[in-house]
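Morning, everyone. I'll walk through a few places, one at a time.

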Amino acid sequence: MGRRWDRAGRKGTVNTIGDAGEFTLIERLVARLPQGPRVALGPGDDAAVVAAPDGRVVATSDLLVEGRHFRRDWSGPYDVGRKAAAQNLADVAAMGARPTALLLGLAAPPDTPLEWALRLVDGLREECALVGASVVGGDVVRAPQVTLAVTALGDLGGGPPLTRSGARPGDAVAVRGRLGHASAGLALLAEGRDGPAGLLEAHRRPRPPYEAGPQARELGATSLIDVSDGLVQDLGHIATASGVRIEVDSAALPVPAELGPDGLRHVLTGGDDHAFAGTFPPDVPLPPEWTVIGRAAAGPAGVAVDGRPVEAGGWDHFRS
């Protein structure tokens, strides 16, 4: 809570972003955002300036809408900020790049608590700190519900980008990171349950293994994707872009007991964990943090689990 002078010279309590006003809100948010060495010019001007040593910039963006991607009664602002940053930073890493900067567009009702907005930015900042990136600017606007528009930038370090289109027949298919945990946590929240705490935490705050992107490129990966909409659905994107059939062995999938009786379904179709799935030449020895779950084969593009073609399974914003 803070105080400010209104236009009539009266001192008033600042509890909401409406009390603060646009420019005081921006000042308060920017004050929480230290800038890293890649930032030549941070927040405060018409645009930021971020170093791009490679000469190319990896760019991605996502929208998070209250009631669709998060609920304020299920997730605190800090967790929403961590999640918003994570899903964008993971997309940069999935290209084999290292994230450098993030921009935030925040739309919110004027009665949104000021502390909520400040903690949101804390979450963004601290998730970015995991990969050495900085929040370099953005915009704020009044809206009937909280909506976040996040853009992340990254640097390829002189190497080629990892895309979805390079998988070849014979490649091993491997994953790194948690699968199914966020989906299981969401199901628990929807049922009104308060545990297991680890699964609820997985829904509120994903833990992408960001180093997996650059590591996969160094290992010679032929394709890579961030698993955001479900393993089957996202492997399907690789299959379609590469023109291969991806064959998954369900027995090879990591399905921990804590996911419950629907564990395999959560692993195959649950999104929001932001693990990484990719294809690798069959003769490449993979480190133990990567789990081989199948292979790419010649044939009609698509995904098969235990030999059975799977047409769908995962999140679709306009069908789910």
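Start with helix 2 and helix 4. Leu 25, Arg 28 and Leu 29 in helix 2 meet Leu 114, Ala 117, Leu 118 and Val 121 in helix 4. Meeting here is contact, with heavy atoms within 4.5 Å. By class, this contact has six nonpolar, no polar and one charged residues. For the classes, Ala, Val, Leu, Ile, Met, Phe, Trp, Tyr, Cys and Pro count as nonpolar, Asp, Glu, Lys and Arg as charged, and the others, Gly among them, as polar.

A word on what you are looking at. This is a predicted model, where local features need pLDDT of at least 70 and side-chain atom pairs count only at pLDDT 80 or more, while totals for chains, interfaces and linings use all residues. Residues are numbered from 1 along each chain as its sequence is written, and side-chain values use heavy atoms, leaving out hydrogens and water. Helices (H or I, at least four residues) and strands (E, at least two) are DSSP runs, numbered from the N terminus.

How do the two helices cross? The axes of helix 2 (residues 22–30) and helix 4 (residues 114–129) come within 9 Å, at roughly 35°. Axes are lines fitted to C-alpha atoms, for helices over the stretch in contact, and angles run from 0 to 180 degrees between N-to-C directions.

Stay by helix 2. Pro 34 lies in the loop between helix 2 and strand 3. Is Pro 34 buried or exposed? Its relative accessible area is 57%, so Pro 34 is exposed. The cut-offs: buried is under 20%, exposed is over 50%, and partly exposed is in between, with a 1.4 Å probe and protein chains only. Beyond residues up to four places away in sequence, Pro 34 touches Arg 125 and Ser 134. Pro 34 and Ala 129 are 95 residues apart in sequence, yet 9.9 Å apart in space, C-alpha to C-alpha.

Now follow the chain past helix 4. Strand 6 (residues 98–108) and strand 7 (residues 134–142) pair in the parallel sense over eight bridges. Two strands pair if DSSP finds at least two bridges between them. Ala 108 stands opposite Arg 142 in strand 7.

Seven strands form an open sheet in the order 10-12-9-13-11-14-15, with mixed pairing. Strand 10 and strand 15 stand at the edges, each with a single partner strand, so one side of each has no neighbour in the sheet. From one strand to the next, the twist averages 30°. Helix 3 (residues 77–94) packs on this sheet, touching strand 10 and strand 12.

Look inside strand 12. Phe 280 is found there. Phe 280 is buried, with a relative accessible area of 0%. Leaving aside neighbours within four places in sequence, its contacts include Asp 171, Leu 219 and Trp 290.

Strand 14 (residues 302–305) and strand 15 pair in the antiparallel sense over three bridges. Ala 304 has Pro 309 in strand 15 as its bridge partner. Between these strands, in the loop, sits Asp 306. Its phi is near 55°, a positive value in a residue other than glycine. Asp 306 is partly exposed, at a relative accessible area of 47%.

Which bond joins Gly 195 and Pro 196? A cis peptide bond, with omega about 5°. Pro 196 is in the loop between helix 5 and helix 6.
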